[in-house]
Amino acid sequence: GAVVSQHPSWVICKSGTSVKIECRSLDFQATTMFWYRQFPKQSLMLMATSNEGSKATYEQGVEKDKFLINHASLTLSTLTVTSAHPEDSSFYICSARALESRGNEQFFGPGTRLTVL
Amino acid sequence: QKEVEQNSGPLSVPEGAIASLNCTYSDRGSQSFFWYRQYSGKSPELIMSIYSNGDKEDGRFTAQLNKASQYVSLLIRDSQPSDSATYLCAVKGRDDKIIFGKGTRLHILP
């Protein structure tokens, strides 16, 4: 149980284009989903917290107009990187917290590697 | 600023020995503590969670928590080459956010 998927697993795009990443909880309902970014040899950095049916909460320094988050259902959240630039190239990972979970365990998706040319 | 500190390593341990990974945290009100394993190029995988002082064992893994010292550790017994990875300590504070340490790279020597 507690499987989280992400799509696509990798994407290469041109500078200035937008990229959408999907995060799905496959066998549980997620009240909250989290989006992280990880640069090489760095730790996970929380970008935003997404609750179903409400606006996402962004961490300090993360541009909400650039990283659009939609959490339309209890099993799906999407992150859209708008007008991507090479400095946005990174490993983007989502995680989901189950409705019935105690202790707030988070289960991670496999990640999406974004390369902006 | 809430922080989770880990030694970046690499920590080299002979196969079959015990690997000991340590983590300290700054938020005294933290309630939930997690250890994740991350292989290179992959996303983190939850291996242990601990919520109360003392030890929690799961197979070859033992998590230890000391809230008074703001210290949490992970012991891996009978270390295997497949245990070579980066281990992330994560702490949930009262604001419901989970903060990750930078991770300790563990290398099991065959």
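The structure is a predicted model, in which local features need a pLDDT of at least 70 and side-chain atom pairs count only at pLDDT 80 or more, while totals for chains, interfaces and linings use all residues. Residues are numbered from 1 along each chain as its sequence is written, chains are lettered from A and ligands numbered from 1 in the order in which they are written, and side-chain values use heavy atoms, with hydrogens and water left out.

**Stop 1: chain A as a whole**

Along the principal axes, the C-alpha trace of chain A spans about 40 × 25 × 20 Å.

Next, colour chain A by accessibility. Of its 117 residues, 51% count as buried (buried means under 20% relative accessible area, exposed over 50%, partly exposed in between, with a 1.4 Å probe and protein chains only). Chain A exposes about 5800 Å², of which carbon and sulfur atoms supply 53%; accessible areas come from the Shrake-Rupley method with a 1.4 Å probe, and for residues only the protein chains shown count as cover. Among the contacts of chain A with a separation of 6 or more, 55% are between residues 24 or more positions apart (contact means heavy atoms within 4.5 Å).

Now show the charged side chains of chain A. The mean positions of its 11 positive and 10 negative charges are 4 Å apart. Lys and Arg count as positive and Asp and Glu as negative, with His and the chain ends not counted; the place of a charge is NZ of Lys, CZ of Arg, CG of Asp or CD of Glu.

**Stop 2: two loops of chain A**

Zoom to A:Pro8, in the loop between β1 (4-7) and β2 (10-13) of chain A. The peptide bond joining A:His7 and A:Pro8 is cis, with omega at about 0 degrees. Then move to A:Ser83, in the loop between β8 (76-81) and β9 (90-98) of chain A. Phi of A:Ser83 is near 45 degrees, a positive value in a residue other than glycine. A:Ser83 counts as partly exposed because its relative accessibility is 34%. As background to both places, most residues other than glycine have a negative phi, and most peptide bonds are trans.

**Stop 3: chain B as a whole**

Chain B averages 93, and 99% of its residues score at least 70. Within chain B, the highest confidence is in strand β7 (residues 61-66), at a mean of 98, and the lowest is in strand β10 (residues 98-100), at 87.

In cartoon view, chain B shows 0 helices and 11 strands. Its radius of gyration is 13 Å, which agrees with the value near 13 Å for a compact globule of 110 residues. The C-alpha atoms of chain B fill a box of roughly 40 × 30 × 20 Å along the principal axes. Buried residues make up 46% of the 110 residues in chain B. The 13 positive and 12 negative side chains of chain B have centres that lie 5 Å apart.

**Stop 4: selected residues of chain B**

Centre on B:Cys23, in strand β3 (residues 19-25) of chain B. B:Cys23 counts as buried because its relative accessibility is 1%. Leaving aside residues up to four places away in sequence, B:Cys23 touches several others, including B:Trp35, B:Gln70 and B:Cys89.

From there, step to B:Gln70, in the loop between β7 and β8 (71-76) of chain B. Phi of B:Gln70 is near 55 degrees, a positive value in a residue other than glycine. B:Gln70 is buried, with a relative accessible area of 12%.

Finish at B:Pro10, in the loop between β1 (4-6) and β2 (11-14) of chain B. A cis peptide bond joins B:Gly9 to B:Pro10, with omega at about 10 degrees.

Notes:
pLDDT is the predictor's confidence in each residue, from 0 to 100. Helices (H or I, at least four residues) and strands (E, at least two) are DSSP runs, numbered from the N terminus. The radius of gyration is taken over C-alpha atoms; the globule rule is 2.2 Å times the number of residues to the power 0.38.
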